[in-house]
Amino acid sequence: MRDDIKPTQSFRHAIGSQIRNLRKQHGVRQEHVAVIACWWGLPWTSNTVAQLETGRRHLTVEEWLLLPTVLTKALNHHPPYTWVDLIPDLGGRDDIRGGNV
């Protein structure tokens, strides 16, 4: 299990942490991610990105579907990101992976 994701952490927080980690690894500002999201039709601001990264905001279905594309373009990443890249290892949490809730 990754050190930065705690077992009690929600899926929303885990995804947000992964977005933040990827963005920081590429040295990209939240404002840039927001601009790219807007280009794809999402009304994001840097505050939206900050809320997503800290787990204070849920992703809509539309945002979830566009997220790999937005991050691929914003971070200039090749090959393109997929949803699998955005779901960090949660250390066998059955409640997240569809087991017991």
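Trainee: Where does glutamate 53 lie?
Mentor: Glutamate 53 sits in helix 3. Keep in mind as we go that this is a predicted model.

Trainee: Okay! Is glutamate 53 buried or exposed?
Mentor: Glutamate 53 counts as buried, because its relative accessibility is 3% and the cut-off for buried is under 20%.

Trainee: And what does glutamate 53 touch?
Mentor: Leaving out residues up to four places away in sequence, glutamate 53 touches Gly16, Ser17, Ile19, Arg20, Arg23 and Gln30.

Trainee: New topic: the nonpolar core. Which residues of the largest nonpolar core touch the most other members?
Mentor: They are Val33, Leu42, Trp44, Leu67, Val70, Leu71 and Leu75, out of 20 residues in that core. At least two core residues come from each of helix 1 (11-25), helix 2 (30-39), helix 3 (46-53) and helix 4 (61-74).

Trainee: Which helix gives the most to this core?
Mentor: Helix 4 does, with five residues.

Trainee: You mentioned Trp44. What does tryptophan 44 touch?
Mentor: Quite a list! Not counting residues up to four places away in sequence, tryptophan 44 has contacts with Val33, Ala34, Ala37, Cys38, Val49, Leu52, Arg57, Leu59, Glu63, Leu67 and Val70.

Trainee: Let's look at helix 2. Which residues in helix 2 are buried?
Mentor: Val33, Ala34, Ile36 and Ala37 are buried there. These four cover an arc of only 165° around the axis, so they are on the same side of helix 2.

Trainee: Why do residues three or four places apart point the same way in an α-helix?
Mentor: Because an α-helix has 3.6 residues a turn.

Trainee: Nice. What do the buried residues of helix 2 pack against?
Mentor: They pack against helix 1, helix 3 and helix 4. The face turned away from the buried side carries Val35 and Trp39, which are exposed.

Trainee: And what follows helix 2?
Mentor: Glycine 41 follows helix 2, and its phi is positive, near 95°.

Trainee: What about the pair formed by tryptophan 39 and tryptophan 40?
Mentor: That pair is edge-to-face, with 5.2 Å centre to centre and 75° between the planes. Tryptophan 39 is exposed, with a relative accessible area of 67%, whereas tryptophan 40 is partly exposed, at 33%.

Trainee: One last thing: what else does tryptophan 64 touch?
Mentor: Not counting residues up to four places away in sequence, tryptophan 64 touches Ile15, Leu59, Trp83 and Ile87. Tryptophan 64 and tryptophan 83 are 19 residues apart in sequence, and their C-alpha atoms are 8.5 Å apart in space.

Note on methods:
Residues are numbered from 1 along each chain as its sequence is written. This is a predicted model: local features need pLDDT of at least 70, side-chain atom pairs count only at pLDDT 80 or more; totals for chains, interfaces and linings use all residues. Side-chain values use heavy atoms; hydrogens and water are left out. A nonpolar core is a set of buried Ala, Val, Leu, Ile, Met, Phe, Trp, Tyr and Cys residues joined through side-chain atoms within 4.5 Å. Buried means under 20% relative accessible area, exposed over 50%, partly exposed in between (1.4 Å probe, protein chains only). Contact means heavy atoms within 4.5 Å. The arc is that of the directions from the helix axis to the C-beta atoms. Rings of Phe, Tyr and Trp (its six-membered ring) pair if their centres lie within 6.5 Å; planes under 30 degrees apart count as stacked, over 60 as edge-to-face and the rest as tilted.
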